[in-house]
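User: Please take me through the assignments in this model and set each value against the criterion behind it.

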Amino acid sequence: MQHIPSATSVRKPHRRFGIVRVSVYMAFLLIIASWIYLFIGEQANLAELFSAKNVRYAVQFLSGLAGVGVDHPAFLDIESWKRALALTYQTLQMSLMAIGFATLGMLLTVIPASRVVAGGTESALLRAWNRIVYGLVRAMYVISRSVPELIWAMMIIFFFKPGLLPGAIALALHNFGILGKLCAEVVEDLDMRPIRNLASSGASKAQILIYGIIPAVLPRFLTYILYRWEVIIRTTIVVGFVGAGGLGHEFKLSMSWFHYTDVTLYLLCYLMLVFAVDLISAGLRRWMQ
Amino acid sequence: MSDTAMFAMKQVSKSYGSAYTLHPLNLHISRGELVALIGPSGAGKTTCLNILAGTIEPDAGLLHIAGKPASSYASGKHLAKAVGIIRQQFDLVGSLPVLHNVLAGRLHEWGFGKSLLSFLFPQDKHIAADALNRVGLSDKLYDKTSHLSGGEQQRVALARLLVQQPQAILADEPVASLDPARAEDVLAMLVRLVQEEQLTLVSSLHSVHLARQFFQRIIAIKEGRVFFDLPTADVTEDHITDLYQLTAGHGMDER
Ligand SMILES: Nc1ncnc2c1ncn2[C@@H]1O[C@H](COP(=O)(O)OP(=O)(O)O)[C@@H](O)[C@H]1O
Ligand SMILES: [Mg+2]
């Protein structure tokens with residue numbers, strides 16, 4: 001009698017392991033087959049990548065960026081630097097607006113978006129209402145984060161004058177869903193023991209929020225917010241391409257007018273910005289421990 | 001009778017699903033008593049303590065806490081003045097300073113405004129400092145709570161109870177996650193503080209040895225029933241062996 005359950009419990013993981021192993025083999029097989037197909041079937045040629053024509057274009061582009069043969073390269077011009085730094089500052093503003101909007105949206109929705117075991121005193125009607133709101137907010141998160149920033153920006157440019165605000169809104173829309181999901185999970189993973197203990201030492205719901213929930217949740221919220229801010233600052237350049245302002249917009253214009261030394265200048269400013277934001281973010285995170 | 005009774009249970013029972021977790025139970029604990037609750041795991045000790053604490057409601061029976069029916073306590077704030085609870089070491093908010101965790105014992109006295117103010121600018125600091133002094137942690141006032149050791153965290157929880165000033169303390173395996181030396185230390189401190197404040201203490205314990213060492217009365221629970229309820233001096237080795245003896249149909253983990 002005792003052997004039967006143990007026998008099935010041994011066989012089960014075996015079968016599951018088998019499926020995993022087969023899928024891994026299949027994946028390898030597919031990869032190898034597609035390489036063989038590329039080389040033999042399509043006669044792809046790695047050497048073509050380095051053909052004389054391609055090399056010539058690359059050299060032309062790079063010397064353009066370096067300002068070879070240009071009388072007044074933009075990156076040696078004070079006025080151009082001033083303009084580029086102003087754009088950099090605008091880009092920083094855009095990223096701050098974006099993370100600000102996304103955070104605000106997240107904070108307003110994160111509680112209904114998390115299945116927190118409440119006291120169990122609420123009525124059936126309230127429970128049903130909570131479940132509906134939960135579903136709606138979660139659906140909003142999914143839609144918001146599954147549309148890439150670029151697509152949001154292209155849609156929003158229809159309604160707004162091109163500029164910083166539509167860029168910030170597009171970035172905020174995408175990041176709202178991501179922050180919402182991450183932070184709702186933080187709330188769901190909350191350790192309930194300290195909270196139950198606060199309740200049994202006589203704390204009210206509002207007092208529990210201040211003393212139990214916010215201190216436990218805030219450091220992890222801030223970590224996620226800072227991390228998304230770093231990502232946003234890198235994405236500003238992409239939404240800029242479709243007219244959402246900042247460094248990205250000017251970068252795109254300079255590219256299309258073949259002002260390569262301007263491109264160099266904007267790239268330099270952009271790198272500085274990304275570097276500065278990473279430093280600030282790391283500093284803040286260390287300060288929080 | 002009700003003047004001297006801290007807890008009085010009459011035919012109190014509780015079940016999850018079909019089987020009784022606690023069979024109808026009568027229990028009388030007077031003010032100032034030190035009672036240890038022992039028994040195999042799954043016997044119903046935690047359930048019993050939670051009923052005494054008013055945190056779970058019994059299915060049937062009557063419970064009086066400090067002379068009043070448990071149902072007459074209008075809110076957690078009133079209950080907190082009668083009963084304080086300490087469990088294993090995970091009951092503190094780790095990201096807050098020790099000071100805030102101790103002052104949380106005042107929350108039942110404070111309104112929302114004062115609580116918020118105190119979160120930013122701690123109020124009644126001398127009360128917390130006094131309490132921490134009594135548990136030997138006066139130098140840890142501003143330390144982050146999660147940086148403290150398990151034993152220190154339990155002493156912070158004791159300081160919170162001192163600040164809360166209940167009439168009775170219910171302890172659920174308060175030293176289960178500590179090493180033996182630390183466990184004895186923390187339990188000795190708990191018992192000393194309870195005696196100094198003239199409180200009542202009911203504590204469930206894993207260790208029979210600690211129960212004998214610190215408590216006047218031992219209540220043993222087995223499979224949801226009182227197995228024995230005796231003054232410590234009358235508890236024999238046979239009682240203990242019988243208590244932890246495996247009975248048919250029960251798992252190996254009950255020791
Ligand atoms: N919330 C619950 N739901 C279902 N069963 C429970 C619940 N709480 C306790 N039990 C059951 O009640 C019994 C007693 O549990 P407990 O009081 O925690 O025992 P002890 O503290 O003595 O180890 C156990 O068999 C446990 O599985
Ligand atoms: Mg227990």
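Analyst: A backbone N or O atom of Ala43(B) lies 3.2 Å from an oxygen atom of ligand 1. The model is a predicted one.

User: Why is Asn101(B) called buried?

Analyst: Buried means under 20% relative accessible area. Asn101(B) has 1%, and therefore it is buried. The residue is found in helix 3 of chain B (residues 98-103). A polar atom of its side chain lies 2.9 Å from the backbone oxygen of Val93(B). Beyond neighbours within four places in sequence, Asn101(B) is in contact with Leu92(B), Val93(B), Leu96(B), Thr145(B), Val156(B) and Arg160(B).

User: Why does Ala66(B) count as buried?

Analyst: The limit is again 20%. Ala66(B) has a relative accessibility of 17%, so it counts as buried. Its place is in the loop between strand 4 (60-65) and strand 5 (68-69) of chain B. Apart from neighbours within four places in sequence, its contacts are Ala5(B), Met6(B), Arg31(B), Tyr73(B) and Gln167(B).

User: How do you know that Lys82(A) and Glu79(A) form a salt bridge, and why is Lys82(A) called exposed?

Analyst: A salt bridge needs a side-chain nitrogen of Lys or Arg within 4 Å of a carboxyl oxygen of Asp or Glu. The closest N and O atoms of Lys82(A) and Glu79(A) are 3.7 Å apart, so the pair qualifies. Both residues lie in helix 3 of chain A (residues 78-109), three residues apart, about one turn of the helix. Exposed means over 50%; Lys82(A) has 52% relative accessibility and therefore counts as exposed.

User: What makes Arg217(B) and Glu33(B) a salt bridge, and where do the two residues lie?

Analyst: Their side chains meet at 2.9 Å, N to O, which falls within the 4 Å limit. The pair links distant parts of the chain, 184 residues apart: Arg217(B) is in strand 9 (residues 217-222) of chain B, and Glu33(B) is in the loop between strand 2 (20-30) and strand 3 (34-38). Both residues are buried.

User: Why is the bridge between Lys81(B) and Glu109(B) said to tie together separate parts of the sequence?

Analyst: The closest N and O atoms of this salt bridge are 3.8 Å apart. Lys81(B) lies in helix 2 (residues 76-82) of chain B and Glu109(B) in the loop between helix 3 and helix 4 (112-120), so the pair ties together parts that are 28 residues apart in sequence. With 33% relative accessibility, Lys81(B) counts as partly exposed; Glu109(B), at 44%, is partly exposed as well.

Technical notes
Residues are numbered from 1 along each chain as its sequence is written. Chains are lettered from A and ligands numbered from 1 in the order in which they are written. This is a predicted model: local features need pLDDT of at least 70, side-chain atom pairs count only at pLDDT 80 or more; totals for chains, interfaces and linings use all residues. Side-chain values use heavy atoms; hydrogens and water are left out. Helices (H or I, at least four residues) and strands (E, at least two) are DSSP runs, numbered from the N terminus. Buried means under 20% relative accessible area, exposed over 50%, partly exposed in between (1.4 Å probe, protein chains only). A polar contact is a pair of N or O atoms within 3.5 Å; within protein, one must be able to donate a hydrogen and the other to accept it, and residues adjacent in sequence count only if both atoms are side-chain atoms. Contact means heavy atoms within 4.5 Å.
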